[in-house]
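Here are my notes on this model, as numbered points. Please read them with the structure open.

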Amino acid sequence: MRRRVVITADDLGREPGTTDVIAGLLAEGHVSATTLICVSPEADRAVARVRELGVVPRVHVTLTSERGLPRWRPLNGGASLADPDGTLSDDPMVLGARGEAGDVIGEADAQLRWMRERGAAPVAADSHAGTLYGLHGRSWLAEALEWCARHGLAFRLPRDPEPYFGGPLPPPLAAAHERAVAYADALGVAIPRTIATNRRTAADLGGYERLRDDYLRRLAALPEGASELFLHPSSEDAVTGPDGVVRTWEARLLRDPVWLDALRSEDVEVVPGWWP
């Protein structure tokens with residue numbers, strides 16, 4: 001079985017600078033997929049940009065805001081999702097403590113409907129900030145998988161989680177993950193072989209070359225089958241702080257000749273999705 005990889009630029013629509021960088025990377029063929037934040041004021045322009053390129057973004061089910069940006073608002077207005085001012089908290093732990101399954105799935109429905117009304121027909125979904133996975137409190141994985149099955153969507157849930165987490169899962173989380181993978185298979189929801197991304201800050205990495213070396217290592221270690229590498233590329237004027245530095249490094253990586261040569265030498269086929 002050949003090794004295949006989806007190279008995803010996450011957070012399309014986060015703000016204008018990110019939209020422009022991702023659209024450029026898509027046009028140049030340096031990424032094979034993207035995910036869209038429907039609750040952002042930038043979302044309409046973002047979906048129009050990628051539709052011009054013939055790209056259908058994934059539903060990036062977004063249940064929290066993000067620090068450093070004006071807070072977003074849920075499309076469906078679920079009471080347990082929003083703060084008193086009607087905005088989504090920028091703390092995933094807050095959502096994990098108070099979110100109700102009905103509101104979570106209602107918001108997912110609203111975001112999928114928003115995309116379809118604009119002529120985008122996504123075939124997969126994932127979870128912004130990992131909010132559906134139980135990493136920040138309660139889990140909505142079962143509900144999310146059932147939702148994907150109803151709508152014929154694939155889902156970003158790795159069969160092998162170790163490349164993402166950097167090692168074996170703690171026993172309770174490992175058991176929950178095993179149940180979720182089995183449930184995805186029972187429902188017929190396509191999931192990737194594994195997923196990987198950078199989870200370190202600029203201070204942890206110390207420089208661009210360390211980030212590049214880490215992604216080169218991850219590329220070489222990809223197993224047979226279809227996996228996903230997801231990045232968060234953006235521009236220097238679009239984001240600030242340590243997180244922003246890493247985002248600019250990831251945009252640089254995707255155009256780096258060393259990275260492009262590694263894709264060829266590793267004989268990894270770049271594909272738009274992990275589903276059949």
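**Notes on buried charges and contacts**

The side chains of Asp10 and Thr35 make a polar contact at 2.9 Å. A polar contact is a pair of N or O atoms within 3.5 Å; within protein, one must be able to donate a hydrogen and the other to accept it, and residues adjacent in sequence count only if both atoms are side-chain atoms.

1. Basis. This is a predicted model, where local features need pLDDT of at least 70, side-chain atom pairs count only at pLDDT 80 or more, and totals for chains, interfaces and linings use all residues. Residues are numbered from 1 along each chain as its sequence is written, and side-chain values use heavy atoms, with hydrogens and water left out.

2. Asp10. This residue is in strand β1 (residues 3–12). Helices (H or I, at least four residues) and strands (E, at least two) are DSSP runs, numbered from the N terminus. Asp10 counts as buried because its relative accessibility is 2%. Buried means under 20% relative accessible area, exposed over 50%, and partly exposed in between (1.4 Å probe, protein chains only). Asp10 also has a side-chain polar contact with Arg156, at 3.0 Å. Leaving aside neighbours within four places in sequence, the contacts of Asp10 include Ile22, His60, Phe230 and His232. Contact means heavy atoms within 4.5 Å.

3. Charge network. Salt bridges link Asp10, Arg58, Asp126, Arg156 and Glu228 in a network. A salt bridge is a side-chain nitrogen of Lys or Arg within 4 Å of a carboxyl oxygen of Asp or Glu. Side chains of opposite charge can pair when their charged atoms come close. How many salt bridges does this rule give? The count comes to 28.

4. His128. This residue sits in the loop between β4 and α5. His128 is buried, because its relative accessible area is 5%. The side chain of His128 makes a polar contact with that of His60, at 3.4 Å. Not counting residues up to four places away in sequence, His128 touches Asp11, Ile37, Thr64, Glu66 and Trp72, among others.

5. Glu66 and Arg247. These two form a salt bridge, with the closest N and O atoms 3.3 Å apart. The pair links distant parts of the chain: Glu66 is in the loop between β3 (58–61) and α3 (92–98), and Arg247 is in helix α10 (residues 241–255), 181 residues apart.

6. Arg71 and Asp90. Their side chains meet in a salt bridge at 3.7 Å, N to O. Both lie in the loop between β3 and α3, so the pair ties together parts that are 19 residues apart in sequence. Arg71 counts as partly exposed, because its relative accessibility is 37%.

7. Arg212 and Asp256. This salt bridge has an N to O distance of 3.0 Å. Arg212 is in helix α9 (residues 208–220), while Asp256 is in the loop between α10 and α11 (257–265), 44 residues apart. Both residues are buried.

8. Leu135. This residue is in the loop between β4 (124–127) and α5 (141–151). Leu135 is partly exposed, because its relative accessible area is 33%.
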